[in-house]
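Have the 3D view open as you read.

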Amino acid sequence: MNILIINGHHYYPFSEGKLNAHMIDIATSTLSAMGHDIQHSAVDSDYDVQQEIEKHQWADTIILQSPVNWMGVTWKMKKYMDEVYTAGMAGQLCSGDGRHRGTDDQYGTGGTLSGKKYMLALTYNAPKEAFDNADQFLLQGKGVDDMFLPIHLNFRFFDMTALETFACFDVMKNPTIADDEIRFKHHLEQQIGA
């Protein structure tokens, strides 16, 4: 299987991207050992838009490894999506929004990456207890995938299917990196397999 791993990290002096890079290393070694072919992209570097579109077309599965900044992806990841995904609307990733004049085609049905899958792998400063709990002040019962609905919709716009999201929690104040490594390897084996 062909797997594209996108590093969605944007460098800050207080957040150098070591954890996301480490998780990408784990994904790369785990998936390579299972016989998968891996390519990488990084939004915090120079990239060629056409090559990124070709990587998306090549991949059977895309993993977006990203920190969560202000309840979403980094601005560099958003810039990457704006540039790459917009350039791919001529049929490489989708044929517009799927609607045609004078038809009842539904919005968002123009995806051309049918049969491909994607996975979100996220690193949060928020503790796990902040999610899926109606008693919590900020999220009021919402979960990780609720917070990332816009990103899920972007991939669905291409007609891709979601694999189960993976998340590391409380990574700045109470990190559990050794446990996260074990969980991530197991998650990759379970969701992608050999």
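Phe 137 sits in the loop between β4 (117–123) and α4 (144–147); helices (H or I, at least four residues) and strands (E, at least two) are DSSP runs, numbered from the N terminus. This is a predicted model, where local features need pLDDT of at least 70, side-chain atom pairs count only at pLDDT 80 or more, and totals for chains, interfaces and linings use all residues. Residues are numbered from 1 along each chain as its sequence is written, and side-chain values use heavy atoms, with hydrogens and water left out.

How covered are some of the residues? Buried means under 20% relative accessible area, exposed over 50%, and partly exposed in between (1.4 Å probe, protein chains only).

| Residue | Relative accessible area | Class |
|---|---|---|
| Phe 137 | 74% | exposed |
| Asn 154 | 27% | partly exposed |
| Cys 168 | 1% | buried |
| Cys 94 | 0% | buried |

Next, how many disulfides are there? With a disulfide taken as a pair of cysteine sulfur atoms within 2.5 Å, the count is 0.

Asn 154 belongs to helix α5 (residues 149–157). Along the sequence, Asn 154 is 69 residues from Tyr 85, yet their C-alpha atoms are 8.7 Å apart in space.

Finally, look for the largest pocket. Its lining has 28 residues, and Val 68, Asn 69, Tyr 124, Asn 125 and Met 172 lie nearest its centre. On a 1 Å grid over the protein atoms alone, a pocket is an open set of points where a 1.4 Å probe fits, with protein on both sides within 12 Å along at least five of seven lines; lining residues have an atom within 4 Å of a point. Helix α1 (residues 18–33) gives the most to this lining, with 3 residues.
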